[in-house]
Amino acid sequence: MNHNAKITSALPLLPQLDAFGHVDHWIFDLDNTLYSHEAKVWPQVDERITLFLAEMFGLDGISSRALQKYYYQRYGTTLKGLMEEYGIDPADFLDFAHEIDLTLLDPNPALGAAIAALPGRKLILTNGSRGHAENVAGKLGILQHFEDIFDIVNAGFTPKPERATYENFLTKHGVDPARAAMFEDIEKNLIVPSALGMKTVLIVPRTPDPFREAWEQAAVEAGHVHFVTDDLTGFLGPLTRAELPPLPVSK
C-alpha cells in the first residue's frame, strides 16, 4: 500500500511497524533525501557542473546546460558521460562540482536522534562523492550515526539506478536486501532495491522544488514504491528500537 506524502503522518503507525519489523540495514541516499531543498545544496552542485562544462568546452550557459542534461539523460550522470566520451579525471570533476557553500544547511539533531535509534546498521548510498557526503552529513550533525558511505567512486562511476551499483554495494557491505530498507528521493532509483527485496521509501519535498524537474520530485504511486513521505524524521520516529517488534533470531 502506498501512502501519499500529504497524509502519511495522519495514518496509523501499525502498517509501518509491520512493514519494517524485519529491517536491520537502513540505507539512505544523500542529496534531497537527508535534507530539504530549502538548504539550496543541490542547486549549487548543479550550477557547478554547468560551469565545469562551460569552461571545458568554451560554451555559454544555455549551451552548457543543454549538454549537461544530455549527458544526464544518456549516461545517468554528467560525469559518466564525460568519462566515456572524453576520458576526464573524475577526481577533478568531483572536487569542482562539490565546492559549495553549506551556510543554509542547518544541523538536524531530531533527524540524527531518529537515525541513531534505528535498530541495526545505517549506510549512505550516493551518486556523489564521499567528501561531499561527509561534508553534508557532518553539517547536519548526523555523520557519526552512519557506519560507512558508498559513493560514486566505490560504484566504479556507474550511478544509480544501475543494478550493478546496488549489487556492488550489497556485496561490499554484506547487506541482506531482504532485511534492508532504502530511502531515496528519486522514484526510479527504487526500482532495483524493490526488485532485490528491500522495503522502499520515497522522500518528496514538502513544497515544490523550483530547481528540479517535476518528475524528480513527484509522489509516485508504483509497486516498487512502498511508502512515500515528506517528513523523513517523522517517518523514522515509530521505527526505533524501542517500538519495533523483536528481530527474528537466526538459526
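Which residue caps the N-terminal end of α3? In this predicted model, the cap is Asp 60, with a side-chain oxygen placed 3.0 Å from the backbone nitrogen of Ile 62.

## Helix α3 and its ends

Beyond the helix comes Gly 76, a residue with a positive phi, near 95°.

Five positions of α3 are listed as buried: Ser 64, Leu 67, Gln 68, Tyr 71 and Tyr 75. These residues lie on the same side of α3 because they cover an arc of only 105° around the axis. An α-helix has 3.6 residues a turn, so residues three or four places apart point the same way.

The cover over the buried residues of α3 includes helices α2 (42-57) and α4 (78-86). Ile 62 and Gln 73, by contrast, are exposed on the other side of α3. Ile 62 also supplies the backbone nitrogen in the cap formed by Asp 60.

## The parallel sheet

Six strands form an open sheet with parallel pairing, in the order β3-β2-β1-β4-β5-β6. Its edges are β3 (148-150) and β6 (227-229), each of which pairs on one side only. On average, neighbouring strands of the sheet are turned by 25° against each other, direction ignored.

Within this order, β1 (residues 25-28) and β4 (residues 180-184) are paired in the parallel sense over four bridges. Ile 27 has Met 182 of β4 as its bridge partner.

Note on methods:
Residues are numbered from 1 along each chain as its sequence is written. This is a predicted model: local features need pLDDT of at least 70, side-chain atom pairs count only at pLDDT 80 or more; totals for chains, interfaces and linings use all residues. Side-chain values use heavy atoms; hydrogens and water are left out. Two strands pair if DSSP finds at least two bridges between them. Helices (H or I, at least four residues) and strands (E, at least two) are DSSP runs, numbered from the N terminus. Axes are lines fitted to C-alpha atoms, for helices over the stretch in contact, and angles run from 0 to 180 degrees between N-to-C directions. Buried means under 20% relative accessible area, exposed over 50%, partly exposed in between (1.4 Å probe, protein chains only). The arc is that of the directions from the helix axis to the C-beta atoms. Contact means heavy atoms within 4.5 Å. A polar contact is a pair of N or O atoms within 3.5 Å; within protein, one must be able to donate a hydrogen and the other to accept it, and residues adjacent in sequence count only if both atoms are side-chain atoms.
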